[in-house]
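User: I am new to this one and would like a guided look. Could you put it up and take me through it?

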Amino acid sequence: MTKSELIARLAARNPHLYQRDVERIVGTVFNEISKALAAGDRVELRGFGAFSVKTREPRTGRNPRTGAQVAVASKRVPYFKTGKDLRDRLNKEAQRAALAAAAQRK
Amino acid sequence: MEGRSITRADLSESVFQEVGLSRNESSDLVEVILDEMVEALARGESVKISSFGSFTVRDKGERIGRNPKTGQEVPILPRRVLVFRASNVLKNAINGVEGSSDDE
């Protein structure tokens with residue numbers, strides 16, 4: 001599913017909204033999450049998951065081609081931890097599929 | 001670490017401010033967005049949000065794990081995990097880099 005497919009689904013579920021508004025709503029949600037992370041804040045969406053920012057320490061790397069040492073500055077990386085409900089959902093579906101496949105083999 | 005924690009309520013408030021729907025409707029819509037994403041992921045689809053990032057479902061095979069306390073071997077059943085890959089736009093924004101290159 002892409003962002004435009006998400007927008008289309010949302011529009012279908014909310015026929016009273018203008019397409020333009022649905023686009024703005026979706027844009028706002030992801031934009032706010034990005035802004036929060038850029039500010040170093042955490043975004044916690046119970047049941048879905050949590051976005052946070054981790055700091056990678058500066059290190060000396062090597063150019064794999066020449067072997068020369070290069071200083072790699074510290075940097076911040078976004079991190080997502082899947083929420084419990086979502087993790088369970090993913091696995092419930094997977095188990096169901098596995099069971100169905102096993103049943104078919106019999 | 002430092003910093004605040006943003007929740008659904010904050011996202012709803014932003015939608016309310018930006019789009020001008022009622023507070024109730026704004027929070028319903030935030031919920032529906034997450035719900036649609038969850039449904040797609042549960043179907044095994046990946047979710048790609050341009051300039052934000054992508055969520056992919058990965059199948060992990062069965063393996064033998066060990067209870068670290070007792071050292072006893074326990075089978076870890078095959079399972080599905082979710083992987084989030086941030087887009088370059090998001091990575092750059094987090095590192096304070098302006099005018100990011102290639103969107104995905």
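Analyst: One term to begin with: helices (H or I, at least four residues) and strands (E, at least two) are DSSP runs, numbered from the N terminus. By that reading, A:Ala71 belongs to strand S4 (residues 69-72) of chain A. This is a predicted model, in which local features need pLDDT of at least 70 and side-chain atom pairs count only at pLDDT 80 or more, while totals for chains, interfaces and linings use all residues. Residues are numbered from 1 along each chain as its sequence is written, chains are lettered from A and ligands numbered from 1 in the order in which they are written, and side-chain values use heavy atoms, with hydrogens and water left out.

User: Is A:Ala71 buried or exposed?

Analyst: A:Ala71 counts as exposed, at 71% relative accessibility. Buried means under 20% relative accessible area, exposed over 50%, and partly exposed in between (1.4 Å probe, protein chains only).

User: And what does A:Ala71 touch?

Analyst: Leaving aside residues up to four places away in sequence, A:Ala71 touches A:Arg59 and A:Thr60. Contact here means heavy atoms within 4.5 Å. A:Arg59 is 12 residues from A:Ala71 along the chain, and their C-alpha atoms are separated by 6.2 Å.

User: What about A:Leu90, where is that?

Analyst: A:Leu90 is in helix H3 (residues 84-105) of chain A. With 0% relative accessibility, A:Leu90 counts as buried. Not counting residues up to four places away in sequence, A:Leu90 touches B:Leu41, B:Ala42, B:Val57, B:Arg80, B:Val81 and B:Leu82.

User: Then on to the two chains. How many residues of chain B are in contact with chain A?

Analyst: On the chain B side there are 49 residues in contact with 45 residues of chain A. The two chains bury about 4,500 Å² between them, 65% of it on carbon and sulfur atoms. Buried area is the accessible area (1.4 Å probe) that two parts lose on being put together, summed over both.

User: How many salt bridges are there between chain B and chain A?

Analyst: The count between them is 5 salt bridges, a salt bridge being a side-chain nitrogen of Lys or Arg within 4 Å of a carboxyl oxygen of Asp or Glu. One of the cross-chain pairs is B:Glu39 with A:Arg89, at 3.4 Å from N to O. Over all chains, the count comes to 14 salt bridges.

User: Which residues does the salt bridge of B:Arg8 involve, and what does it tie together?

Analyst: B:Arg8 meets B:Glu31 in a salt bridge of 2.9 Å, N to O. B:Arg8 lies in helix H1 (residues 8-19) of chain B and B:Glu31 in helix H2 (residues 23-42) of chain B, so the pair ties together parts that are 23 residues apart in sequence. B:Arg8 is partly exposed, with a relative accessible area of 22%, and B:Glu31 is partly exposed at 36%.

User: Last topic, the aromatic rings. How many aromatic pairs are there?

Analyst: Over all chains, the structure holds 11 aromatic pairs. Rings of Phe, Tyr and Trp (its six-membered ring) pair if their centres lie within 6.5 Å; planes under 30 degrees apart count as stacked, over 60 as edge-to-face and the rest as tilted. A:Phe51 and B:Phe84 form an edge-to-face pair, 5.4 Å centre to centre with 80° between the planes. This pair crosses between chains, from strand S2 (residues 49-56) of chain A to strand S6 (residues 79-86) of chain B.
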